[in-house]
Amino acid sequence: MVDIPATAADAPAASANRTLTAISIAHWVSHFHIFVLPMLFPFLKDRLGVSYIDLGFALTTFAVVSGLTQAPIGFLVDRVGARIILILGVLLGGCALVGLGLFLNYPALIICAGLLGLANSVYHPADYAILAAHMDESKMGRAFSIHTFAGFVGGAVAPPMMVALLASVGGAGALIVAGGIGVAIALMLIVVGIPDAGAAQARRAGGAEAPKVSVMTPAIMMLTLFFTLLALSQGGINSFGIVALMNGYGITLSSANIALTSFLAASAVGVLAGGWLADRTVHHSRVAAVCFTINAAIIGAIAVFSPPAWAIVAAMTVAGFLGGVITPSRDMLVRQAAPPGAAGRAFGIVSTGFNFSGIVSPIMFGWFMDHAMPHWVFGASACFMLATVLLAMVSERKPRKAAIA
């Protein structure tokens with residue numbers, strides 16, 4: 001008699017944990033697939049007989065398709081259901097890579113890049129819609145942080161995995177195996193039976209669908225800009241940090257690599273810490289503002305004072321950690337701003353900010369390097385951080401008040 005209610009009470013928690021694990025694995029795949037083609041560029045260049053500009057066009061295709069489809073996919077998530085959209089997205093990404101491995105030519109590469117961009121646009125709207133609908137409210141920040149951390153891990157393991165696959169099964173085989181992982185994860189999502197979210201969930205539950213409301217609110221528009229500035233503040237450091245440190249600060253390649261690695265590793269740790277913090281505050285904009293104010297001072301100091309290598313490594317480690325801390329709070333801001341039943345659309349729209357940054361960032365920070373202005377890689381990043389502070393203070397809508405019985 002005593003064990004029965006305990007078991008019943010544990011069931012929702014077990015279901016939530018299973019859902020979080022499955023969605024996080026899907027997010028792992030998304031980041032892993034993002035790095036598959038870049039890691040195989042040397043092989044693809046030799047095998048296809050193309051230039052690096054031709055290969056770069058494939059990445060541009062990926063970014064443009066992903067940017068143009070994020071918002072429409074968000075609408076589909078809310079209208080059709082997040083579960084089927086997520087499964088189809090994972091399956092599409094896997095099949096695209098398998099197809100490129102089987103039909104290895106340049107047109108197939110461009111088609112593959114476009115399909116990968118479409119698949120990539122699925123993850124944020126679908127993942128966050130499911131998590132927002134099925135995670136325990138008191139642990140929502142930690143759920144978002146674990147989901148983000150899994151994506152970081154997917155990007156981190158992609159280079160060594162692809163190098164190992166290239167050495168063992170060749171370039172075509174590496175593409176097929178990488179795609180096969182996506183197909184296997186899609187089947188796993190079906191077997192696990194991940195829950196749904198959006199209008200489809202409401203219909204199956206026998207409830208009335210949420211009224212159709214516009215998500216193009218001032219809060220969502222400002223959060224889209226917030227996501228863009230956030231990505232710009234980190235994109236330059238991620239892409240050009242090493243060459244900027246070597247050319248402008250006189251430190252070695254080894255030290256520059258250590259600095260960037262410390263920045264990225266600390267970001268991953270900061271994401272987990274940020275999830276714990278996000279569950280203990282409703283003032284998510286204040287968390288973002290405080291962390292980025294400190295970060296702007298740290299990165300700005302690197303730009304202005306040219307510190308020695310050990311100080312740069314220490315400073316970038318702290319900056320990376322604080323940058324990770326704000327990520328769950330960033331996601332909670334979007335959840336608060338999303339109208340009821342519109343989480344997919346909200347996350348789809350704001351995530352286009354990442355794609356805008358992906359188009360602008362390489363050009364802008366590359367211009368700094370071409371004009372012998374390496375310090376501005378860090379200076380511009382600090383300016384974008386200050387801009388995110390200003391937006392964070394006006395982007396957070398007041399948390400929904402619980403109904404008082």
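1. Axes here are lines fitted to C-alpha atoms, for helices over the stretch in contact, and angles run from 0 to 180 degrees between N-to-C directions. This is a predicted model: local features need pLDDT of at least 70, side-chain atom pairs count only at pLDDT 80 or more, and totals for chains, interfaces and linings use all residues. Residues are numbered from 1 along each chain as its sequence is written, and side-chain values use heavy atoms, with hydrogens and water left out.

2. Overall make-up. The protein has 14 helices and zero strands. Helices (H or I, at least four residues) and strands (E, at least two) are DSSP runs, numbered from the N terminus. Of the 405 residues, 53% are buried. Buried means under 20% relative accessible area, exposed means over 50%, and partly exposed lies in between (1.4 Å probe, protein chains only). Take the contacts with a separation of 6 or more: 85% of them join residues 24 or more positions apart. A contact means heavy atoms within 4.5 Å.

3. Helix 8 against helix 12. Helix 12 covers residues 343-350, and helix 8 packs on helix 12 at an angle of about 40°, with the axes 8 Å apart. Helix 8 is therefore oblique to helix 12. Angles under 35 degrees count as roughly parallel, over 145 as roughly antiparallel, 65 to 115 as roughly perpendicular, and the rest as oblique. From helix 8 come Ile-220, Met-221, Leu-223, Thr-224 and Phe-227; they meet Ala-346, Ile-349 and Val-350 in helix 12. By class, this contact has seven nonpolar residues, one polar and no charged. Ala, Val, Leu, Ile, Met, Phe, Trp, Tyr, Cys and Pro count as nonpolar; Asp, Glu, Lys and Arg count as charged; the others, Gly among them, count as polar.

4. Helix 8 against helix 9. Helix 8 spans residues 218-249 and helix 9 spans residues 253-278. Their angle is about 150°, and their axes lie 8 Å apart. The two helices are therefore roughly antiparallel to each other. On the helix 8 side, the contact uses Ile-237, Asn-238, Ile-242, Leu-245 and Met-246. Helix 9 supplies Leu-253, Ala-256, Asn-257, Ala-259, Leu-260, Phe-263 and Leu-264. Ten of the residues in this contact are nonpolar, two are polar and none is charged.

5. Val-334. This residue is found in helix 11 (residues 309-337). Is Val-334 buried or exposed? Its relative accessibility is 0%, so Val-334 counts as buried. Leaving out residues up to four places away in sequence, Val-334 touches Leu-223, Phe-227, Ala-346, Phe-347 and Val-350. Leu-223 and Phe-227 belong to the helix 8 side of the contact with helix 12. The C-alpha atoms of Val-334 and Ala-219 are separated by 8.6 Å, although the two residues are 115 apart along the chain.

6. Helix 10 and what follows. Helix 10 (residues 284-305) has 22 residues. From first C-alpha to last, helix 10 reaches 32 Å, close to the 32 Å expected at 1.5 Å a residue. The expected span is 1.5 Å times one less than the number of residues. Ser-306 follows helix 10, in the loop between helix 10 and helix 11. Its phi is positive, near 50°, in a residue other than glycine. At 36% relative accessibility, Ser-306 counts as partly exposed.

7. Ala-372. Where is Ala-372 found? Ala-372 is in the loop between helix 13 (352-370) and helix 14 (375-395). Ala-372 is not a glycine, yet has a positive phi of about 55°. With a relative accessible area of 65%, Ala-372 is exposed.
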